[in-house]
Amino acid sequence: MNGGAVEQVGVHIFGVRHLSPGGAKHLLDELNHIRPTAVLIEGPSDATEEIRHLAEQATRPPVALLAFTSDLPVRTALWPFASYSPEYQAMKWANAHHAMCAFIDLPSSVMIGLEDLRRQTLKDANTPVQAEHITSFSIYDRIAVLAGEDDYDMYWERNYEHNLNQGAYREAILAFSSHVRALTEEDERVSAVHEFAYNAIRESYMRRKIKEAITAGHEPERIVVICGAYHAAALADLSHSMTDEELNCLPTRATRLTLMPYSYYKLSSMSGYGAGNHAPYYFEMMWSRMQQGTLDELPHEYLSSVARQLRQKGTHRSTAEVIEAVRMAQSLSALRGGSVPVLRDLRDAAQTLLGHGDLSVVAEALSELNVGTAIGQLAEGVSQTPLQDDLNRLFKSLKLTKYKTTVATDLMLDLRENRRASSEASAYLDLNRSFLLHRLKLLDIPFAQFRSAGQEQATWAEHWVVQWSPETEIQVVESTLLGETVEVAAAYVMQQKLDACQTIAEASQLIVIACECGMVAQLENGRKNLQRLAADQQDVIQMAAAAKGLSTLIRYGDIRRMDTSLLVPLLEQLFMRSCLFLTDASHCSDTVAVDMVEAIQELNRIALDHSEQVDQELWIQELHHLAAQDDLNPKCSGFACALLLERNELTREECAAEVSRRLSPGVPADLGAGWFEGLSMRNRYVLLSRMSLWEQLNEYIGALDEDEFVRALVFLRRAFSVFNSGEKTMIAELLGELWGVNTEQAAEVLTQELREDEAKMLDDLNDFDFEDF
């Protein structure tokens, strides 16, 4: 053994922690000292060809190597790299010094095959897939406690990242690997057998690849192997390496590989990545300081950056406070025997002196400095997936390439045919653009954000804000798992949503999305799905919502060149069922009545827009039933009466009789005022022209006792809240005539703003439980 490195016939085994700036620095020192001809790295061996792309000058970490299966069910495996990843620095060193560089771990096809086998074994054994053996207090927690640290990350940073002594890092890693394996192997053999076997298989294969490098002619003492710290001790003995027979017995899944830009958020532990760290940007700052030889200045940079962030947000912090925060962080570190403050020390100092004890003051600044917003970059055309190729082709044919920029740009689309165009592609350019943008939206690819076109009835106009970003590229690559083209991937997502939907309102919305995406097959599947769900449906609110979506498609579907004629019978079915269950559904509370009134209004609009397709007589008949019955929600009955009045289906005499009946003395306030609230929701100018209505309302309110009047206020306030100022003035003038006072003075008094105490009293009434009366 030379300088603490593990050797087997001269091979140098260098254990690291993934995403470790300290490991990267010590590894580079070792590489510069040994000058190896072969650099072997823990990573999928079938991805060795991607190393040249990772190491080239145009690559800007964070980036990731992604493996995904070519068939269903889709499985993935991911290997991310930051600028301070020891593996990434090893690749760059090998590229710069013309050394052979290769990955030596199991091929991605075998890794995913083994994971599938593990899943199936645990499923057959009725064991949760997430973990075979879960302990609330792991070996890493025990290490932190024994070291006197609050958590394992603090222990690792203080003892390994800050250990800059030449050779000490390798010795510490070797000792760590041996001790951890000794403490855990026996337990894993019994309680986590799959994890133990998986590691044993990987290590056997890596030993095989090391021997292959020696056989290929590389002198053992000129070979450096970079692996996870846990595996370092296991690779010391090359005698137990995988045979051809053992390799051929391993399960496999056909996989494909690609490189993709990655983000610091995805790299951080908060995104769910198991080998991540809580503070990728903080470790990048540490890496930069290590390269400059100024690690002891990291606390100054970090805490100064916190203060700068606070100042930018309007919270002033002085230089003196920053200096005191640095001193406090150094003192906290010294209390635990550290040479440089760890992240936890810096956070505590920032909270105490820059946040004045309040973590919320500095929380945002700490998050930005710990996680960061960095997004990686690859050279154009590197490792393109089929979906990326398809999207680039679509961008070119639809003349969208110029919008592939980080500058947000408005894109206005006119979906109508351009009759002056010389070709069909040009005539429907904006329509095809719309199809693509809606498909990208369905795939959660954040390239285009939909905005209201500003014209409620302009169904032919769309307004999008488009902007390209590395995050968009990431989502495009990840969507390759769903299909090799945008159309296929969108169809896959749509079918998943159709299979999962449980309500007719949701199914109707998916039909609308299918139409917006120009997906004919999914439109038909959605229609069948909705028809199935609607067969036994009795919820009028849901049926009205579903019918609304169908109505819009039937009226304007031809703009998108979609045949919506098959949706007409479904609209008729939903409308008929809504009519049949309308009365029963109106036995509801005041809270539900809000949605019921909206549903009734939508059904009435459908009856008017599709007068030749839906049963008009049945609708009018049900409105009469709803308006006449006394045991239903009064707001619904009043609204039905307003619709009948608007459609001239209620004579003046019938209306007067109904008003007299509903607003007669003795009718409880919540019934009378609630009915008036529903009545006043439509065609208010017709109501304003009927003096008899206001006379009746005036007499009704005058006959209420004090408690009933208070109850009536709640409903009347809601009713009059929808009237505009001009209508309120007209009402005040009408009441002035009834009361025999000056109409102008009455209007001024009744339309003036409420005092604060009056407004509060009325607001309190809205939440009052009148059931206690």
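## Ser 263

Ser 263 sits in the loop between strand S8 (255-261) and helix H11 (264-267); helices (H or I, at least four residues) and strands (E, at least two) are DSSP runs numbered from the N terminus. This is a predicted model: local features need pLDDT of at least 70, side-chain atom pairs count only at pLDDT 80 or more, and totals for chains, interfaces and linings use all residues. Residues are numbered from 1 along each chain as its sequence is written, and side-chain values use heavy atoms, without hydrogens and water.

Ser 263 is buried, at 2% relative accessible area (buried is under 20%, exposed over 50%, partly exposed in between; 1.4 Å probe, protein chains only). A polar atom of its side chain lies 3.1 Å from the backbone nitrogen of Lys 266. Not counting residues up to four places away in sequence, Ser 263 touches Pro 62, Ala 374, Ile 375, Glu 471 and Ile 474 (heavy atoms within 4.5 Å).

## His 97

His 97 is in the loop between helix H3 (86-96) and strand S6 (100-105). His 97 is partly exposed, with a relative accessible area of 33%. A polar atom of its side chain lies 2.9 Å from the backbone oxygen of Trp 93. Beyond neighbours within four places in sequence, His 97 contacts Asn 32 and Arg 35.

## Helices H17 and H19

The axes of H17 (residues 386-397) and H19 (residues 429-442) come within 11 Å and cross at roughly 155° (lines fitted to C-alpha atoms over the stretch in contact; angles run from 0 to 180 degrees between N-to-C directions). H17 is therefore roughly antiparallel to H19 (over 145 degrees). Leu 391, Leu 394, Phe 395 and Ser 397 of H17 meet Leu 429, Leu 436 and Leu 440 of H19.

Terms used: Polar contact = N/O pair within 3.5 Å; in protein donor to acceptor, adjacent residues only side chain to side chain. Parallel < 35°, antiparallel > 145°, perpendicular 65-115°, else oblique.
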